[in-house]
Amino acid sequence: MRRWLTGTLAATLVLTGPTAAHADGLKGMTLAEKVGQMVVSYVYGTNATSVSAADAAANQAKFGSDVTTPAQAVAKYHLGGVIYFTWSDNLADPAQIAGLSNGLQTAALADTGVPLQISTDQEGGVVNRIGAPLAVGPGNMAIGATFDPRNAYRAAQVSGAELRALGITEVDAPVVDVNTNPQNAADGVRSFGDRTVPVALNSAAAIGGYRAAGIGTQAKHFPGLGDTTVNTDNGVAVTSQSRAEIVKTHVPPFVAAIAAGTTSIMAAHIVAPSLDPSGAPASLSKPIITGLLRNQLHYNGVVITDALDAAALNDYTNAEIAVDAVNAGVDQLLMPRDVPGAIQALIDAVGNGTISESRIDQSVRRILATKTHDPMVPSSPVVGTPAHLATMADIAARSITTLRGAGLPLRPDQKVLVTGWGVSTTTNLAAALGATRFYTGSPSDAVIAQAVTAARAADVTVVTTYNAWGDTTQQKLVNALLATGKPIVVASVGGPYDIASFPSAPAYLAAYDYQPVSVTALAAVLQGKIKTSGHLPVTIKGLFPYGAGQ
């Protein structure tokens, strides 16, 4: 496997290595244009030049009264990148997305002559911005459960090719964190697993697959979020691990990502006192970004922050965030709370000598060197091809992990009830099994009582859970169903750790995510149409070792 991976990555580096195609353009850029290249922001609208009244108002609130369209935002602030979201009205359908991308590129080229970086969080699994008709794959932990990094490459190559068809030039993936904390609210199933070497191998393979598809990558979240419990979007995350522990366990996947040629590395907002005693988050820490990442790991590529509107940074002003990040060694500011203010803060910092213009130039050169893509794409993108769909289905089928299989497979003559977490998950699973459905979500006592009544009337009940370790209502539901004495099958569609909350479950399967492709594979396993070959890429302490699976 390692020989295959080494050869594949070497070929990828030769074929798709970055060039400084636009580096000469730096000489003709104004300071405002240079600083604009360092900002990646969201914009509102389905079209670059024509938007709804609501999107126009949202753009005005974000960028100023004279900016109503995405194209105007790009031109006024010389933005280096735009990130797409559904909530910013960017992701309606493939043709619309391609049209928006082309329109934004037209605006950027007319402004500075430099192509725009267009990105989105399409990790697969539980973090996925664009659904069908794209070929959406299972997430990282599901891929880790196949114990074959070639599947990380295959999934990335398919996803990357489809994103490029939409005009997206960089995928905000892969997550290369090692999920050593089962109660991790930031990573969980977004990680390939809890062991350093397999995570590193899968991370490098994924980057190779994306690069083979011609799309940029973003290895995240440096120096690793795998040991934390708090998602930095919601609060301050602190790791108490020693420097030696972090460097040994969490840093190697980033080393592998660098060797594989990642386009950029995302700096987390995690506080790591052993790496920086000042208590500054990694994204604003010179000892972490310049000292560890650049000087010790010898990384000279683009460093982008995690989203700067995160709650983890609430104690910092917008200007402090922008200036401290650049002084730390960061090149791109992702989603500043105040885009005009962040840009002005950097311009002012150059003016007063807090940041030198040569330091700005250093970042811009790195950014320009990544912009080697053809900016325009066909207006009618081809996505979701039979071959792509088949690849994702095959990977999902290889990932399903049976830890306990009492009463399986289901028999055609059994009356099956599907209940538990997930509106679409329970709907899709019930349809695939030809079962009765009773959705509970995170249930009240009254809903649990109804589910128990329904389970007593069924021959067998399949109950879906999602990170039940952090949801006592899901735990109560499963334990109440088990108490009926009827056959119960528990299927986790999030982290596989849920079984620790109901360890007596006689039948337990891990699907790792709730994407339709994974739910379809889960149904096929339950019915005995396919055999499970997945194995745990994590340890469930006291119950199942790493690699467990029937």
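Lys 34 and Asp 361 form a salt bridge, with their closest N and O atoms 2.8 Å apart. A salt bridge here is a side-chain nitrogen of Lys or Arg within 4 Å of a carboxyl oxygen of Asp or Glu. Side chains of opposite charge can pair when their charged atoms come close.

Where do Lys 34 and Asp 361 lie? Lys 34 lies in helix α2 (residues 31-37) and Asp 361 in helix α14 (residues 357-370), so this pair ties together parts that are 327 residues apart in sequence. Helices (H or I, at least four residues) and strands (E, at least two) are DSSP runs, numbered from the N terminus. Lys 34 is buried, with a relative accessible area of 6%, and Asp 361 is buried too, at 14%. Buried means under 20% relative accessible area, exposed means over 50%, and partly exposed is in between (1.4 Å probe, protein chains only).

A word on the source: this is a predicted model, in which local features need pLDDT of at least 70 and side-chain atom pairs count only at pLDDT 80 or more, while totals for chains, interfaces and linings use all residues. Residues are numbered from 1 along each chain as its sequence is written, and side-chain values use heavy atoms, with hydrogens and water left out.

Now move on to Asp 331, which forms a salt bridge with Arg 294; the closest N and O atoms are 2.7 Å apart. Asp 331 sits in the loop between α12 (318-328) and β10 (333-334), and Arg 294 in helix α11 (residues 286-296), so the pair ties together parts 37 residues apart in sequence. Asp 331 counts as buried, at 0% relative accessibility, and Arg 294 counts as buried at 9%.

What about Lys 476 and Asp 445? Their closest N and O atoms are 2.7 Å apart, in another salt bridge. Lys 476 belongs to helix α18 (residues 472-482) and Asp 445 to helix α17 (residues 445-457), 31 residues apart. Lys 476 is partly exposed, at 44% relative accessible area, whereas Asp 445 counts as exposed, at 51%.

Salt bridges can also share partners: Asp 121, Glu 123, Arg 129, Arg 190 and Lys 220 are joined into one network in this way. A search of the whole structure finds 14 salt bridges.

Finally, look at helix α7 (residues 149-165). Its 17 residues reach 25 Å from the first C-alpha to the last, close to the 24 Å expected at 1.5 Å a residue; the expected span is 1.5 Å times one less than the number of residues. Helix α7 is mostly covered, with 13 of its 17 residues buried. After α7 comes Gly 167, whose phi is positive, near 85°.
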